[in-house]
Amino acid sequence: MLMGTFWVLTALGGLVWLAVRLTRRQIALSAMTDALSPAERNLVTVDSATGKVLDVSSELGEVETGWHPVRFPEGWESRGSGFPPERVNFDRTLGGRRTWCETRCRDVWRVERPESRSPIFWFKDRRDAVEFSLHWFPFKCS
């Protein structure tokens, strides 16, 4: 009886440790973004008529106040390290994510710093952000 309780508490402690570690990682990513000056932060969108990428950095303040962010950590190009593991897939040009957003998003979306190691996708519609996260986020178990 005592041994069973020990294993349950050990497992629970491990889950708490994992949750704290993931939360600290997201806070660190957010702090890194906040430390950048506005001149270093680029917000882009895709013109639906021409398909060209347009700089809309002037919208950054509005986007940050009411939109829903999906931040990708370093190494975001692959879901190979997630659970369950998947084949490594590099998408540094954001082509797959852009196509996904263009075909599935109900409302407007933006990308912040697509050339960086940790892009941030912004969605006006919360459902778009949730569905995007479920499909693309590197750690499917989170």
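Arginine 106 is partly exposed, with a relative accessible area of 44%. Here buried means under 20% relative accessible area, exposed over 50%, and partly exposed in between (1.4 Å probe, protein chains only). Its side chain meets that of glutamate 131 in a salt bridge, 2.9 Å from N to O. The term salt bridge stands for a side-chain nitrogen of Lys or Arg within 4 Å of a carboxyl oxygen of Asp or Glu. This pair links distant parts of the chain, 25 residues apart: glutamate 131 sits in helix α4 (residues 126-136), and arginine 106 in the loop between α3 (95-104) and β4. Helices (H or I, at least four residues) and strands (E, at least two) are DSSP runs, numbered from the N terminus. Glutamate 131 also counts as partly exposed, at 33% relative accessibility.

A word on the model before we go on. It is a predicted model, in which local features need pLDDT of at least 70 and side-chain atom pairs count only at pLDDT 80 or more, while totals for chains, interfaces and linings use all residues. Residues are numbered from 1 along each chain as its sequence is written, and side-chain values use heavy atoms, with hydrogens and water left out.

Now back to the charged side chains. Side chains of opposite charge can pair when their charged atoms come close. How many salt bridges does a search of the whole structure find? The search gives five. One of them joins the side chains of glutamate 59 and arginine 110, again with 2.9 Å from N to O. Glutamate 59 lies in the loop between β2 (53-55) and α2 (60-66) and arginine 110 in strand β4 (residues 109-112), so this bridge ties together parts that are 51 residues apart in sequence. Is each partner buried or exposed, or something in between? Glutamate 59 is partly exposed at 23%, whereas arginine 110 is buried at 11%. Another salt bridge runs between arginine 127 and aspartate 125, whose closest N and O atoms are 3.1 Å apart. Aspartate 125 counts as buried, with 12% relative accessibility. Salt bridges that share partners also join Arg106, Asp128 and Glu131 into one network.

Let us turn to the aromatic rings. A pair of aromatic rings is described by the distance of the centres and the angle of the planes. Rings of Phe, Tyr and Trp (its six-membered ring) pair if their centres lie within 6.5 Å; planes under 30 degrees apart count as stacked, over 60 as edge-to-face and the rest as tilted. By this rule there are four aromatic pairs. Tryptophan 100 and phenylalanine 132 have ring centres 5.5 Å apart and planes at 70°, so they form an edge-to-face pair. Tryptophan 100 belongs to helix α3 and phenylalanine 132 to helix α4, 32 residues apart, and the pair links these distant parts of the chain. Both are buried: tryptophan 100 at 6% and phenylalanine 132 at 0%. Phenylalanine 132 also pairs with phenylalanine 123 in a tilted arrangement, 4.9 Å centre to centre with 50° between the planes. Phenylalanine 123 is buried too. Trp100, Phe121, Phe123 and Phe132 form one aromatic cluster.

Our last stop is tryptophan 109, in strand β4. Tryptophan 109 is buried, at 11% relative accessibility. Not counting residues up to four places away in sequence, its contacts (heavy atoms within 4.5 Å) include Thr45, Val46, Trp67, Cys101, Trp122 and Phe123. Between tryptophan 109 and valine 63 the C-alpha to C-alpha distance is 9.6 Å, with 46 residues separating them in sequence.
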